[in-house]
Amino acid sequence: MLNRKKKGPKDVLEKIRSSILELRHSEMPESLGRYMKRELAGTLSHDVTHSSRILYQVRRTERGCRVTLLRVCNHKNVYGKD
């Protein structure tokens, strides 16, 4: 049996911080998330934890790309269900 430690708020915040830095420094931030559908079309969702997501958009220009963080939220706030 695996002994899994429940993540506390500090652990989740560190994971969010780490994920944001990963998005910031990635040459292909699109590859770190998955594209959303319907009313969130054009937005990407990056899984931070089982229940936490970062919603972001990527805009490419001739000078590189710009990642816009839209929000950090839980699964229910993104999809409207648990």
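Which residues is Ser-19 in contact with, leaving aside its neighbours within four places in sequence? Let's keep that in mind while we look around together.

Hi everyone. What you see above is a predicted model. The protein chain has 82 residues, and 24% of them are buried. Its secondary structure comes to 2 helices and 4 strands. If you read along the sequence, the pattern is α-β-β-β-β-α.

Now to our serine. Ser-19 sits in helix H1, which covers residues 9–25. Buried or exposed? Ser-19 has a relative accessible area of 5%, and buried means under 20%, so Ser-19 counts as buried. And here is the reply to my opening question: once those sequence neighbours are set aside, Ser-19 is in contact with His-46, Val-48 and Ile-54.

Let's follow the last of those names. Ile-54 belongs to strand E3, residues 52–61. Ile-54 is buried too, with a relative accessible area of 0%. Not counting residues up to four places away in sequence, Ile-54 touches a whole list of residues, including Ile-16, Ser-19, Ile-20 and Leu-23, and also Leu-44, Leu-69 and Val-72. Take Leu-23 as an example: Leu-23 and Ile-54 are 31 residues apart in sequence, and their C-alpha atoms are 10.0 Å apart in space.

Stepping back to the protein chain, consider contacts with a separation of 6 or more: 33% of those come from residues 24 or more positions apart.

How values were computed. Residues numbered from 1 in each chain as written. Predicted model: local features only at pLDDT ≥ 70, side-chain atom pairs only at ≥ 80, totals over all residues. Heavy atoms only, no water. Buried < 20%, exposed > 50% of the residue type's maximum accessible area, 1.4 Å probe, protein only. Contact = heavy atoms within 4.5 Å.
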